[in-house]
Amino acid sequence: MDDAGVDGRRRDGPVADDEAVEPPREFSERAVASDAGADDAFAAEGPGAWRRAADLLDWEREYEAVLDDGDPPFYKWFPDGRLNASVNCVDRHLDERRNQLAIRWFGKRGERRSYTYLDLHREVNALAAGLRELGVEEDDVVTLYLPMVPELPIAMLACARVGAPHNVVFAGLSAEALATRLDAADSSYLVTCDGYYRREDAFNQKSKADNARLRADTDLDATVVVDRLGDALDVSLGDDEHGYEALVDAHDGETVEPVPRDATDLLFVMYTSGTTGRPKGVEHATGGYLSHVAWTTRNVLDVRPEDTYWCAADIGWITGHSYGVYGPLSVGTTTLLYEGSPDYPDRDRVWDLIERNAVSVFYTSPTAIRSFMKWGAEYPDRHDLSSIRLLGTVGESITPKAWRWYREHVGGGEAPIVDTWWQTETGAIALATLPGITPMKPGKVGPPLPGIDARVVDEDGAPVDPGEPGYLTIGSPWPGMLRGLREGDERYRREYWIEAEDGWRYRTGDGATVDEDGYVTILGRVDDVINVRAQRFNTAELESAIVGVGGVTEAAVVSDDDGEIVAYVTTRSDVEPDEALKAAIGEELGREVGDLARPDRTVFTPDLPKTRSGKIMRRLLEDIARDEEFGNVSALRNPEVVGEIESSVRESN
Ligand code: 6R9
């Protein structure tokens with residue numbers, strides 16, 4: 001299936017004990033999902049059971065069928081249905097809760113801004129009218145290159161209102177990465193900002209955007225620039241560049257008729273790392289995506305309108321799209337948006353925000369939880385976190401130890417934790433416990449959600465025995481699934497689907513095991529993708545940037561067990577592998593990919609371990625970085641380098 005293969009090694013060490021933790025009774029009694037028979041209903045009704053998800057939305061025209069699976073693997077969810085995502089996230093809440101907070105924003109400098117649903121409606125409409133004035137029409141792709149400011153979700157919703165798919169590019173990515181994404185998405189409209197604060201410093205985002213514009217082949221018809229920094233940074237605007245504030249002011253009070261979209265029409269594209277160097281443009285369709293996201297926000301994250309809910313992920317990634325914006329706003333809750341880092345101005349920041357806003361549902365990543373643990377329990381312990389009633393985690397495996405710490409120090413020892421597995425491509429949560437129903441097993445994500453046909457299979461597609469490693473696949477379509485890739489049907493089919501005897505099966509790219517109770521444990525990626533800082537990077541993309549540095553001959557990038565990036569680098573014999581070269585490598589990655597991609601450790605070695613066919617043994621390098629046992633290396637072409645690499649790693653620690 002994949003030549004990288006799977007092995008039985010867990011990413012995070014063994015699950016200490018398999019003891020299932022029952023959902024607290026008090027939680028179960030009030031949980032949104034309280035029907036233990038949901039699985040049976042989904043099994044009995046087939047795809048039709050997903051009507052439950054679609055029924056959480058307002059449709060402009062009812063769909064006729066739930067699923068059209070006539071041309072696999074090109075599935076159409078809720079065909080013939082029409083809806084508008086901004087209506088579902090904003091307008092339809094006005095009757096009942098126009099004065100309820102929709103977005104509560106905290107800026108890096110302690111600033112605050114709040115938007116009620118009525119405020120949100122007004123600004124989304126004004127911006128939608130502004131975008132129209134600038135020429136944006138239905139199906140034009142609008143690229144959004146913004147940090148965590150309220151203008152980002154507002155721009156997403158304004159795009160959705162006029163039927164223009166958005167293409168959000170994480171603000172920390174480089175000019176080069178933005179240029180690639182503008183071209184790949186064929187996008188001639190950009191919304192960005194003057195800059196933003198990185199800790200103390202005002203950082204110029206506009207100059208990165210200008211730089212991208214010079215590099216991109218696509219001409220921009222119009223750029224909208226949010227003034228985030230005020231007097232701290234002055235940027236001058238060209239003829240086709242418009243200040244966001246002036247644009248919104250000029251259209252204040254206007255309403256824009258929402259464009260009804262076919263359920264299968266594109267809501268957004270999101271670029272993510274795939275198995276080759278270039279990022280893939282994952283396309284999400286309006287109806288299926290929004291249904292699945294709304295359903296899981298309610299049933300897995302248990303979010304209701306009266307909650308104050310905080311998903312700490314950046315909106316520049318899929319988690320922020322689905323559970324920072326579309327999920328919470330579609331169910332009509334208050335979503336907290338935080339611009340800063342968790343330890344600025346101090347390590348109390350996250351806990352202070354939870355306390356002062358009485359956050360009831362908190363969703364973050366194991367990477368963040370590991371940092372919290374490192375900083376110490378005294379920070380959460382000195383805050384009143386009693387408002388928390390549910391915790392979530394996503395992005396990578398959580399160790400039982402981190403799971404217990406999270407529950408103890410953030411969840412008051414009581415709150416259920418949902419360990420949610422999903423991907424950019426799945427659009428929404430696919431595996432997780434239902435918090436009021438299913439017992440939790442620390443370190444295991446849990447069983448597939450009702451209606452998700454996830455199976456762990458071997459090379460031949462046969463289910464593996466409990467405890468045996470295999471490939472995580474999904475046997476039948478689900479509503480949040482990508483509708484395709486920007487790169488075309490062929491690439492989509494090749495990248496994700498296998499035609500098996502019993503039908504088409506989606507490959508997730510993850511290795512996994514499953515236990516007797518059907519709980520899945522994720523072993524990590526089986527392809528050349530690494531998960532670090534809760535993001536996905538393609539190893540080839542990082543390695544080719546490193547090899548671009550003068551004097552470097554080869555590079556291999558892996559992640560260690562702290563989720564950090566370790567780069568193994570070989571140099572030309574006449575080049576001194578020194579600190580200056582390390583710095584140059586960091587700079588180059590920052591420039592080519594983004595600062596998040598800078599290695600935490602750079603290890604110079606005389607050679608990289610290679611198979612006889614010349615492939616770099618990344619798995620072995622990963623084991624060495626993680627200080628884990630590794631097997632026999634005699635199959636290598638150059639087994640003698642292993643000892644040298646081990647000592648270089650030790651020196652670099
Ligand atoms: C939502 C998101 C997807 C990859 C996925 C897997 C890893 C996500 C996980 C998890 C273990 C979990 N992953 N959730 N691994 N336990 N609960 O993260 O999307 O950025 O596309 O990454 O993340 O390896 O394949 P994305």
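Student: Where is leucine 434 found?

Tutor: Leucine 434 sits in the loop between strand E20 (417-420) and strand E21 (454-457). Helices (H or I, at least four residues) and strands (E, at least two) are DSSP runs, numbered from the N terminus. This is a predicted model, where local features need pLDDT of at least 70, side-chain atom pairs count only at pLDDT 80 or more, and totals for chains, interfaces and linings use all residues. Residues are numbered from 1 along each chain as its sequence is written, and side-chain values use heavy atoms, with hydrogens and water left out.

Student: Is leucine 434 buried or exposed?

Tutor: Buried means under 20% relative accessible area, exposed over 50%, and partly exposed in between (1.4 Å probe, protein chains only). Leucine 434 has a relative accessible area of 8%, so it is buried.

Student: How are two packed helices described?

Tutor: By the angle between their axes and the distance between the axes. Axes are lines fitted to C-alpha atoms, for helices over the stretch in contact, and angles run from 0 to 180 degrees between N-to-C directions. Contact means heavy atoms within 4.5 Å. Here, helix H14 (residues 366-375) and helix H16 (residues 400-409) pack at about 70°, with axes 10 Å apart.

Student: Which residues make the contact?

Tutor: Ile369, Phe372 and Met373 of H14 meet Lys401, Ala402, Trp405 and Tyr406 of H16.

Student: And what is the order of the strands in the open sheet?

Tutor: Two strands pair if DSSP finds at least two bridges between them. Seven strands form the open sheet, in the order E5-E4-E17-E16-E18-E19-E20, with mixed pairing. Strand E5 (112-116) and E20 stand at the edges, each with a single partner strand, so one side of each lacks a neighbour in the sheet.
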